[in-house]
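Hi,

Here is the structure I promised to hand over. Please open it first, and then read on for what turned up in it.

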Amino acid sequence: MYMLNNKKVCVIGSGVSGLCSAIELADKGMEVHVFEKNKEIGGRARKFSVEGFTFDMGPSWYWMPDVFENFFKRYDKNLHDYVNLVKLDPGFQIIYNNETIQIPEKFEELVLLFEKIEKGAGGQLIKFIEEAEIKYMTSMKDLVFNPSLSIKEFIRLDVIKATFKLNLFSSFKTHVNKFFKHPKLLSIMEFPILFLGALPKNTPALYSLMNYSGLKQGTFYPIGGFSKIIEAFYDLAIEKGVTFHSDTAVTKFHLTGKQIDYIETNKGRFFVDKVLSSADYNHTEQALLPIIHRTYSEKYWDSRVFAPSSLIFYLGINKRIENLEHHNLFFDEDIQKHAMEIYEDPKWPTKPLFYVCCPTKTDKTIAPDGMENVFILMPIATDLSDTEELREKYFKIILQRLQKYIGEDISPNIIYKRSYCVADFKSDYNAFKGNAYGLANTLKQTAFLKPKIKHKKVENLYYTGQLTVPGPGVPPSIISGQLVANQLIKDYETVI
Ligand SMILES: Cc1cc2nc3c(=O)[nH]c(=O)nc-3n(C[C@H](O)[C@H](O)[C@H](O)COP(=O)(O)OP(=O)(O)OC[C@H]3O[C@@H](n4cnc5c(N)ncnc54)[C@H](O)[C@@H]3O)c2cc1C
């Protein structure tokens, strides 16, 4: 292991995957430098603070808590020494046009709720979640930590057995429809797929593992905001000796033969032994690598199915709002139509669904006394034209529906407002087509069918993050960082 000691790795990007890979590499003795183009650490999971409000810019749903805990355990650390995690009850609520359904923290209560909505659905939920739990456990044990460099990794008896157990080749839609008929129950089961990636008919049934996490493990929240998790990763990285270069964009790779020998940044050259990029894969390939070294063509990227972009509003409200919970999904319009307008016929939605996060329902530390911190997100197709007028048009539509639900006019109480959309994703993160959540988890883009974590020709270049394995979301990005770092170390040891 001592051979790794003098080796210098450059990690591009300080998002979740970059931070986790940096921690793992430094823990194994490498000299790790993280280069981040933005002033703040955290990538899509950054925060910003203004006028007494602290807004999480991206993630707000904390699912798969074991992934976070296990990451800290790897280094003999306890996540709970870094963050104060609370479990939400209700986990979330869904607002339909004729009723609001709250998803209780206790699974037994959820079973009763399902039974009330559809006769027999309570028992079906138990069966569905039992199966989803097996998928979750099997995936965590056998699949997600595979580097997915080749199909051969999956031709192992235990993995083949697991694949059948996971019903990998059936669609999520077919799977869910076998259990439930009521449209409201279908929307409860399908929304994580829709918000994070693709149409349920194009998504493998494997991803019902997300339902296990959301409905059985529950929804958590770190007091102070999701960014507390970023602070925890950052603190651990510093403890391990990682050096951060923020406000430093990597602009080009310089190669000698098949090796990157130095990177160019806006602050000068930096010599490296290895490069691990957690920036959007497409950006690393198309903007940083000389053309002759690129693995994937522009045509390839154009043919990929991307997870949605988003129109986001961060609002500071100078009073308390009744009726909202921490997580609120507004499904008071046709869910299928909005889904089609994201995935099949990309356009600004006719009648949008949206999500409202009001974390001050749980946490008073992120807003001035008596005020609410509100985050609104409307998923949209990637690469739509993004103008101030369009943002405002949708703000009015959303505010009207929100106000109708809460039963009061809050427009005079909005004391802070910031919008964020396609153009910001492109300029802040170099996000391909302004995607928010990376590459969608479709069947044709799962495991070894995703862009590879290791460059085919450039011997010292690796990729991590939500555009490669295992996929989008904070927990998968944690796993991605860890598994790519391990691959890099393994390759080193093989050569040595
Ligand atoms: C609005 C939104 C809501 C979300 N909600 C949830 C949620 O509720 N729950 C959940 O689990 N997940 C959620 N996600 C997804 C989750 O945030 C991401 O999957 C995860 O944070 C991605 O991490 P990453 O490391 O792959 O990428 P990123 O966070 O994008 O990190 C990449 C970093 O690379 C930097 N970079 C790019 N180019 C360069 C360059 N040339 N030089 C230097 N640095 C560069 C970028 O600035 C960025 O900081 C959400 C995402 C968004 C955008």
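Which residues is Val 275 in contact with, leaving aside its neighbours within four places in sequence? They are Cys 10, Ile 12, Phe 253, Ile 260, Ile 263, Asn 460 and Leu 461. Contact here means that the C-beta atoms of two residues, placed from the backbone, lie within 7 Å.

Before going further, two notes on conventions. This is a predicted model, in which local features need pLDDT of at least 70 and side-chain atom pairs count only at pLDDT 80 or more, while totals for chains, interfaces and linings use all residues. Residues are numbered from 1 along each chain as its sequence is written.

**The core**

Val 275 also belongs to the largest nonpolar core, which has 143 residues. Together with Ala 22, Val 32, Phe 233, Ala 237 and Val 356, Val 275 is among the residues that touch the most other members. Helix H16 (residues 474–495) gives this core its largest share, eight residues. Such a core is a set of buried Ala, Val, Leu, Ile, Met, Phe, Trp, Tyr and Cys residues joined through C-beta atoms within 7 Å. Buried means 20 or more other C-beta atoms within 10 Å of the residue's own, exposed means 12 or fewer, and partly exposed is in between, with C-beta atoms placed from the backbone. Helices (H or I, at least four residues) and strands (E, at least two) are DSSP runs, numbered from the N terminus.

**Around the ligand**

The shell has 37 residues, and Gly 13, Gly 15, Gly 43, Ala 279 and Gly 465 come nearest to the ligand. A residue counts as near if its C-beta atom, placed from the backbone, lies within 6 Å. Helix H1 (16–27), strand E14 (309–317) and H16 each supply at least two shell residues, and the largest share, three residues, is from H1. By type, the shell has 16 nonpolar, 18 polar and three charged residues. Here Ala, Val, Leu, Ile, Met, Phe, Trp, Tyr, Cys and Pro count as nonpolar, Asp, Glu, Lys and Arg as charged, and the others, Gly among them, as polar.

**A helix pair**

The axes of H4 (residues 107–117) and H5 (residues 121–143) come within 6 Å and cross at roughly 135 degrees, so H4 is oblique to H5. On the H4 side the contact includes Leu 110 and Phe 114, and on the H5 side Leu 125 and Ile 126 are among the residues involved. The contact residues divide into eight nonpolar, one polar and one charged.

**Backbone details worth a look**

Most residues other than glycine have a negative phi, and most peptide bonds are trans. Here are some exceptions:

- Asp 89 and Pro 90 are joined by a cis peptide bond, with omega about 0 degrees; Pro 90 sits in the loop between strands E5 (85–87) and E6 (92–95).
- The bond from Val 469 to Pro 470 is cis too, with omega near -5 degrees, and Pro 470 is in the loop between strand E19 (461–463) and H16.
- Met 64 is not a glycine, yet its phi is positive, about 55 degrees; Met 64 counts as buried because it has 24 C-beta neighbours inside 10 Å.
- Asn 323 has a positive phi of about 75 degrees, and with 14 C-beta neighbours inside 10 Å, Asn 323 counts as partly exposed.

Best wishes

Notes: Axes fitted to C-alpha atoms, helices over the stretch in contact; angles between N-to-C directions. Parallel < 35°, antiparallel > 145°, perpendicular 65-115°, else oblique.
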